[in-house]
Amino acid sequence: MTSSRINKFVSGAALSLLLASAAQATELLNSSYDVSRELFVALNAPFEKQWAQQHPGDTLTIKQSHAGSSKQALAILQGLKADVVTYNQVTDVQILHDRGQLIPADWRQRLPNNSSPFYSTMGFLVRKGNPKNIHDWSDLVRSDVKLIFPNPKTSGNGRYTWLAAWGAFDQADGKNQAKTAQQMARLVKNVEVFDTGGRGATTTFVERGLGDVLISFESEVNNIRNQYGKDDYQVIVPKTNILAEFPVAWIDKNVEHNHTTLAAREYLNYLWTPQAQQIITQYYYRVNNPELMAQQKDRFPPTALFRVEDAFGSWEQVMKTHFASGGELDKLLAAGRG
């Protein structure tokens with residue numbers, strides 16, 4: 001090979017290496033709660049396209065991990081290098097600071113609405129014709145009604161169900177704690193299956209055919225009805241209900257390790273954009289956008305929402321009182337077995 005050909009070969013190889021190094025591939029891992037799969041599949045594709053347009057030469061892939069939100073948080077504490085979390089309860093994000101120092105104490109102030117791009121409440125899914133005539137929380141404590149909802153020990157979905165029922169009974173009972181506890185004892189006794197997460201509860205109710213009522217997020221029960229047959233199921237949103245926030249955060253130590261800080265932050269900020277908020281409402285999540293909610297009012301029945309902090313105190317106190325070992329949940333489960 002002549003000298004000139006060698007030089008051209010070397011120059012061509014160098015150019016190829018340069019072009020290869022210029023082409024990047026960024027990957028994000030989103031650790032999310034159990035029933036959010038379809039929502040984030042719908043959100044990820046347009047953001048990946050937007051990223052490619054704004055960052056030429058960089059291909060972004062967003063991967064998902066789903067389970068009960070408490071299990072997901074534990075996996076991160078044990079070493080899972082997720083870049084972002086999109087959970088359904090504040091405590092499952094807060095623990096990443098309290099036990100792992102993976103995020104700062106002020107993580108809720110970094111994004112709008114306490115870092116919650118959307119919210120929901122609890123809904124009941126009943127079978128065709130509503131054979132047990134279910135309309136409100138009080139109907140769930142009758143002896144002829146069997147319930148399916150996820151275990152509050154492992155699922156944020158289950159904790160919101162528990163607190164929604166407790167708060168609704170408390171209001172109806174004139175804040176008579178003894179009477180409320182009796183109502184909750186009947187509710188627990190009627191639970192046929194305590195699955196570990198929301199999607200497992202859906203499988204139990206729809207595919208195994210167990211239970212008369214599935215209690216889950218309003219978003220989940222509506223999407224189930226659409227997926228499995230609008231004529232086979234009915235959705236009920238009780239008149240008194242809980243505000244369920246869905247907090248998100250980028251995991252500072254992980255994104256620094258993964259060199260994904262920019263992508264993680266842009267991804268979460270995208271969730272507040274008009275495009276993303278429109279997609280979110282299509283999956284029956286509520287958003288803090290009055291104009292958009294007015295346009296979608298037929299999707300979201302009116303309901304009086306109460307905040308966890310107003311009804312029960314801080315989430316830290318809630319976890320100790322209701323869900324820690326020996327708490328209200330354990331007491332009522334033990335009483336039911338007795």
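**Helix packing and sheets in a predicted model**

Where helices α2 and α11 meet, their crossing is right-handed; a crossing is given this name if the near helix is turned clockwise from the far one by less than a right angle, and is left-handed if the turn is anticlockwise. Helices here are DSSP runs of H or I with at least four residues, strands are runs of E with at least two, and both are numbered from the N terminus. The model is a predicted one, in which local features need pLDDT of at least 70 and side-chain atom pairs count only at pLDDT 80 or more, while totals for chains, interfaces and linings use all residues. Residues are numbered from 1 along each chain as its sequence is written, and side-chain values use heavy atoms, with hydrogens and water left out.

The chain holds 16 helices and 13 strands, and its C-alpha trace spans about 95 × 45 × 40 Å along the principal axes.

Helix α2 covers residues 37–54 and helix α11 covers residues 261–270; they pack at an angle of about 125°, with axes 11 Å apart. This angle makes α2 oblique to α11. Axes are lines fitted to C-alpha atoms, for helices over the stretch in contact, and angles run from 0 to 180 degrees between N-to-C directions. Angles under 35 degrees count as roughly parallel, over 145 as roughly antiparallel, 65 to 115 as roughly perpendicular, and the rest as oblique. From α2, the residues F40, L43, N44, P46, F47, Q50, W51 and Q54 meet L262, A263, E266, Y267 and Y270 of α11. Sorted by class, this contact has 9 nonpolar, 3 polar and 1 charged residues. Nonpolar covers Ala, Val, Leu, Ile, Met, Phe, Trp, Tyr, Cys and Pro, charged covers Asp, Glu, Lys and Arg, and polar covers the others, Gly among them.

Helix α2 also takes part in a helix–sheet arrangement. The sheet is open, with 4 strands in the order β2-β1-β3-β12 and mixed pairing; two strands pair if DSSP finds at least two bridges between them. The edges are β2 (58–66) and β12 (248–250), each with a single partner strand, so one side of each has no neighbour in the sheet. Strand β1 (residues 24–32) runs parallel to β2, and 9 bridges join the two. One place to look is E27, whose bridge partner in β2 is T61. Helix α2 packs on this sheet, where α2 touches β1, β2 and β3 (84–86), and its direction makes about 165° with that of β2. Helix α3 (residues 69–77) packs there too, touching β1, β2 and β3, at about 130° to the direction of β1.

Helix α3 has a helix neighbour as well. The axes of α3 and α4 (residues 90–98) come within 9 Å and cross at roughly 15°. The two helices are therefore roughly parallel to each other. S69, S70, A73, I76 and L77 of α3 and D92, I95 and L96 of α4 make the contact, which divides into 5 nonpolar, 2 polar and 1 charged residues.

A second open sheet has 5 strands in the order β7-β6-β8-β5-β9, again with mixed pairing. Its edges are β7 (191–193) and β9, each with a single partner strand, so one side of each is left without a neighbour in the sheet. Strands β5 and β9 run antiparallel and are joined by 4 bridges; R127 stands opposite Y233 in β9. Helix α6 (residues 156–172) packs on this sheet, touching β5 and β8, and its direction makes about 110° with that of β8.

N130 is not a glycine, yet has a positive phi of about 50°; N130 lies in the loop between β5 and β6 (147–148) and is buried, with 9% relative accessible area. Y284 has a positive phi near 65°, sits in the loop between α12 (274–282) and α13 (290–295), and counts as buried at 10% relative accessibility.

Notes: Contact means heavy atoms within 4.5 Å. Buried means under 20% relative accessible area, exposed over 50%, partly exposed in between (1.4 Å probe, protein chains only).
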